[in-house]
Amino acid sequence: MTDAEAVLRRREERRATHEALLARFALPVVSITVVAPGPLKDSPAIRRRLQAADAAVRACVAGAGWTVVESCDLGGPTGPESIFVVDAEPRALKRALVALEDAHPGGRLWDVDVVCAGPYGPQPLGRGELGEAPRRCVLCERPAHACARARRHPLPVLLAGIEAVDAGAAVPGDAAAWASLAAEALRVEARLTPKPGLVDAAGSGSHDDMTLDTLLASADALEEWFLGCVLLGRAQGARAEASDARSPGVDEAALDDLVAMGKAAEDAMLTATGGVNTHRGALFSLGLILGAVGQATAGGRRPDVDAVCADAGRVAGVLRDRWARSLGARAARDQAGSHGERAYLAAGTGGIRAEAASGFATVRGAGLPALRERRAASGGAGREDAALLWALVSLMAVVDDSNMVTRGGVAGLREAQAWASGLVSRRPDDDALVAELRAADDRFVARRWSPGGSADLLALTWFLDRVGAIGRD
């Protein structure tokens, strides 16, 4: 029997069970299943979810003064199911169970039907028949059936949301807002103009394979995956809250989940860009930070930038050590692939991995202070672009940019750093800064230089600046 045949047979058995109970008792049948997207329909976690729903429904029924006159449990390829026969008026019962689904912290993970006898057999009593709103998606406020039909959310992100709800986190809550802010950080950096050697609104800089539209498409594709990173952190934070166990160590299993989410996000990025690596470094940085933000904000707490960066740094340190061991073996076979790997082997620069493991010390020590200082000196948000450009130059002066090493060697990196350091020392006003950057763009493009690592850290700088503002509000 194929999987499809087994599922069809299970549905027929369920219908027959409902039909037999309706005929025997002439009372409404309550059917409880749980949300289980993907191929895995039965597991200890799914059964725990069903047990929680079962207990909540029983308590609701008892609290309303109704009686469960019969119950049974079913299983099979579509997952476990609890079935009750309840001595209650069907519409009143459905209203009570709709209210329970909508109010209970785990209710978005349940599918509680009230089944009545219809002219053509068992018929679920729909929310719409009572004027109630459809059951909402686990991840957003849209109707769950619409998101499922459109496959709006990637499966790993859905599973991360379910894990967060299971852990006791409020989902969707503010998770989508953090993901949206991270994607906007990429858009802000992409549109910022002029940036020497980089893609911006004026052109493609030193890149023949991407445009501003490519970068914006990449940001759009990553937003949903950023949500997955937040939700994985939120689940970890909720578990720590529940157990009151806040260890400074790194949960290796949770880290593996975050790595898998990042790899899936990279695949989505490459699909959106036609195979062009637009944001691999930024994805690494923002994914780590978003996981830390999700963990830090579990339970409704406000994020602290230094604490978030320290948490991300501990995780990144484990990843860096894993990478170094793996790279040694692959380098012996001449299989180093990324810009960061080649730069490390050629020049010993740690690139984004070292920056992340430091708790993003360069962003906190150079990028954020430069952005905030220039913003204040420029009179606030009206000259935000000038503040961001100043932050970019300040980062370029100190970042060991692996992209620059790949394109210009160590000598090219040091020359670009010296130019940026000189500009920082001269402290030009906003108009002079823009003129200097335009002139530098011509030189960078002629030499095919592109400080992509600094650009990624500029996006992170913008994001962390917003995190800090939210934490202070």
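Predicted model: local features only at pLDDT ≥ 70, side-chain atom pairs only at ≥ 80, totals over all residues.

Modeller: Here is a walk through the sheet, its strands and the helices beside it. Residues are numbered from 1 along each chain as its sequence is written, and side-chain values use heavy atoms, with hydrogens and water left out.

Helices (H or I, at least four residues) and strands (E, at least two) are DSSP runs, numbered from the N terminus. The sheet is an open one of five strands in the order 2-3-1-4-5, with antiparallel pairing; two strands pair if DSSP finds at least two bridges between them. Strand 2 (67-74) and strand 5 (121-124) sit at the edges with a single partner strand each, so one side of each has no neighbour in the sheet. On average, and ignoring direction, neighbouring strands are turned by 30° against each other.

At one of them, strand 2 pairs with strand 3 (residues 81-87) in the antiparallel sense over seven bridges, and Val68 has Val86 in strand 3 as its bridge partner. At the other, strand 4 and strand 5 pair in the antiparallel sense over four bridges. Those two strands form a hairpin with two residues between them, and Gly118 has Gly121 in strand 5 as its bridge partner.

What packs on the sheet? Helix 1 (residues 3-25) does, touching strand 1 (29-34), strand 2, strand 3, strand 4 (110-118) and strand 5; contact here means heavy atoms within 4.5 Å. The direction of helix 1 makes about 15° with that of strand 3, where angles run from 0 to 180 degrees between N-to-C directions and axes are lines fitted to C-alpha atoms, for helices over the stretch in contact. Helix 3 packs on the sheet too, touching strand 1, strand 3 and strand 4, and its direction makes about 170° with that of strand 4.

Helix 3 (residues 90-103) also packs with helix 2 (residues 44-63), at an angle of about 135° and with the axes 10 Å apart. The two helices are therefore oblique to each other: under 35 degrees counts as roughly parallel, over 145 as roughly antiparallel, 65 to 115 as roughly perpendicular, and the rest as oblique. Their contact is made by Ala56, Val57, Cys60 and Val61 of helix 2 and Leu93, Ala96, Leu97 and Leu100 of helix 3.
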